[in-house]
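Here is a short briefing to read alongside the structure. Have the viewer open and follow along as we go.

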Amino acid sequence: MTDQTSPFRQLVFSGVQPTGNLHLGNYLGAIRKFVALQDEYDCIYCVVDLHSLTAQMVYDDLADQTRQITAAFLASGIDPKKHIVFNQSRVKQHAELAWIFNCVARIGWMNRMTQFKDKAGKDRENASLGLLAYPSLMAADILVYRATHVPVGEDQKQHLELTRDIAQKFNNDFSGRIADLGVGVEMQVGDETVNGFFPLTEPVIGGPAARIMSLRDGSKKMSKSDPSDLSRINLTDDADAISKKIKKAKTDPDALPSELAGLESRPEAKNLVGIYAGLADISKEDVLKAFGGQQFSTFKPALADLAVEKLAPVASEMRRIMADTAYVDAVLKDGGERAGALAEETMKTVRDIIGLVQD
């Protein structure tokens with residue numbers, strides 16, 4: 001995953017929006033990966049509350065949702081003392097660097113973002129400027145800590161590529177200033193050598209269950225906004241709810257195949273096999289070796305038992321932590337102070353590079 005020869009300190013950054021209940025897809029696709037990475041890397045994990053404003057501006061419970069994401073981080077095993085857990089809006093340097101990156105990025109780059117096209121729909125003129133500039137703030141989230149790696153799903157990979165484009169343009173535009181100040185490293189960009197201040201952040205993508213689909217429609221991603229609660233397993237669901245949802249999950253009448261190719265035209269079967277693989281931390285091939293040729297009447301109870309075994313303890317711990325608001329707020333405050341110190345160190349140098357007057 002990493003380049004040990006990189007001149008930049010190896011650092012992982014990622015964030016989760018506080019919009020709605022976290023579900024199985026968030027856990028397998030992101031949070032559990034966060035937990036694994038902390039054993040090997042310095043990690044910064046952020047509840048990106050400013051990003052949530054691009055989904056809707058007015059919330060009744062944004063603070064509570066922020067605390068819920070924090071509780072999920074902690075319940076899953078992220079250590080807030082060894083690493084940093086905080087909410088984005090506490091660290092003002094995110095917004096400051098985002099404005100600078102708004103001036104680095106090109107409108108054409110933003111217009112090509114698939115997520116903007118999907119979320120803005122046909123009425124793009126009515127979309128908020130924040131939705132268009134979302135990837136610029138995401139780049140600032142990452143690069144204000146000069147993070148070298150970001151665990152992302154496939155749907156965010158394009159945004160990370162834009163982060164690299166912004167970093168590269170900044171490095172190119174200010175290469176001379178960076179060299180004069182002695183704050184960068186030599187980087188090869190094509191045939192040209194430039195003095196770079198920001199790393200070209202690498203994605204961390206993969207695992208047997210990187211993308212989890214709806215339990216009611218295998219062609220749609222599992223979503224917090226789906227009106228059917230049966231479409232997802234929430235991280236706060238108890239054992240009975242988890243088991244019920246797995247057993248009611250949509251399937252087809254055929255037995256499970258013995259080979260992966262047999263899942264290609266069967267989205268619901270493919271999804272449930274992927275969920276089992278993710279929960280058991282094995283490959284889909286291994287799941288089919290164990291269950292190939294068997295009916296869903298056999299596979300679903302086994303999957304339900306596994307889901308309860310893996311998720312029920314997390315749900316119980318989440319509920320315990322969420323009941324202690326003072327503790328959650330203390331974690332966010334401590335993380336914000338530590339993150340803010342790192343972010344200000346970066347921004348002091350960025351201001352010098354650009355030529356902004358500061359004390």
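The notes below cover confidence, a helix pair and aromatic rings.

The chain has a mean pLDDT of 91, and 96% of its residues reach 70 or more.

**Confidence**
- In residues 1–5 the pLDDT falls below 50. Beyond near neighbours in sequence, this stretch has eight contacts in the model.
- Where pLDDT is low, the predicted coordinates should not be read in detail.

**How H1 and H2 pack**
- Two packed helices are described by the angle between their axes and the distance between the axes.
- Helix H1 spans residues 24–37 and helix H2 spans residues 62–76. They pack at an angle of about 60°, and their axes are 9 Å apart.
- That angle makes H1 oblique to H2, and the crossing of H1 past H2 is right-handed.
- On the H1 side, Tyr 27, Ile 31, Phe 34 and Val 35 take part in the contact; they meet Ala 72, Phe 73 and Ser 76 of H2.
- Sorted by class, this contact of H1 with H2 has six nonpolar residues, one polar residue and no charged ones.

**Aromatic pairs**
- A pair of aromatic rings is described by the distance of the centres and the angle of the planes.
- The model has 13 aromatic pairs.
- Among them is the tilted pair of Tyr 45 and Phe 73, with 6.3 Å centre to centre and 50° between the planes.
- This pair links distant parts of the chain, 28 residues apart: Tyr 45 sits in strand E2 (residues 42–47) and Phe 73 in helix H2.
- Phe 73 is also one of the H2 residues that meet H1.

How values were computed: Residues numbered from 1 in each chain as written. Predicted model: local features only at pLDDT ≥ 70, side-chain atom pairs only at ≥ 80, totals over all residues. Heavy atoms only, no water. Axes fitted to C-alpha atoms, helices over the stretch in contact; angles between N-to-C directions. Helix = DSSP H or I, 4+ residues; strand = E, 2+ residues; numbered from the N terminus. Parallel < 35°, antiparallel > 145°, perpendicular 65-115°, else oblique. Left-handed = near helix turned anticlockwise from the far one by under 90°. Contact = heavy atoms within 4.5 Å. Nonpolar A, V, L, I, M, F, W, Y, C, P; charged D, E, K, R; others polar. pLDDT = per-residue confidence, 0-100. Phe/Tyr/Trp six-rings, centres within 6.5 Å; stacked < 30°, edge-to-face > 60°.
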